[in-house]
Amino acid sequence: MPNLTDREDHKDISCGPAAETICKPAELSAGRAKKNVSIMCFHDELCQVYNALMTALNLLREGADVTVFFGSRGVNAVHKEKVKNLQCLPDQPKEMGEAVEAKMREFGIPSVEDLFFMLRMEGAQLLACPLNVQLFGLNKADFIDGVEFDNPATYYKEVVMQADMNLSF
């Protein structure tokens, strides 16, 4: 699958039949009240990151305003280099994680990098915790395009407390 992080749009994403709904924006229903959704990703395990990103993308496509906050080890998911090395089921035998990743490729599921690109292009807000950035010795230049940094207290007050739905991965 092509890497889409350098493209201006994603209308030509190539996906397998099982991943068709991930790759094609849904028709938005008119007249629905807009929901504010907060999604927190605190893990750097590939399946957890996929769950957070695909949930965010689907809610965004249903018309919600979506903010995804990456804290703790989740900051590795938005790190330019570390995102390439996220592992599926790292606490299980290596073969098990590799088998899940092979099935995801077989189904044509977009890469994490491609999902981030789709989220940015479709209007999601991506935030990372600056405290974890400092804790892990990272700097702002290490992160994928579109990631902003927000103090957890501000995020909780301005996003979480105002949200109609809060999800954690």
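Select Glu81 to begin: this residue is partly exposed, with a relative accessible area of 47%. The model on the screen is predicted, and every value in this tour is computed from it. Glu81 and Lys84 form a salt bridge, and their closest N and O atoms are 3.5 Å apart. This pair is one of six salt bridges that the structure holds.

Next, select Asp44 and Arg73. These two residues also form a salt bridge, with 3.2 Å between the closest N and O atoms. Is Asp44 buried or exposed? Asp44 counts as buried because its relative accessibility is 19%, and the cut-off for buried is under 20%. Arg73, at 40% relative accessibility, counts as partly exposed.

Finally, move to helix α3 and select Lys103 and Glu106. How far apart are the closest N and O atoms of this salt bridge? They are 3.5 Å apart. Lys103 and Glu106 are three residues apart in helix α3, so about one helical turn separates them. Colour the two residues by accessibility: Lys103 is partly exposed, with a relative accessible area of 43%, and Glu106 is exposed, with 55%.

Methods. Residues numbered from 1 in each chain as written. Predicted model: local features only at pLDDT ≥ 70, side-chain atom pairs only at ≥ 80, totals over all residues. Heavy atoms only, no water. Salt bridge = Lys/Arg side-chain N within 4 Å of Asp/Glu carboxyl O. Buried < 20%, exposed > 50% of the residue type's maximum accessible area, 1.4 Å probe, protein only. Helix = DSSP H or I, 4+ residues; strand = E, 2+ residues; numbered from the N terminus.
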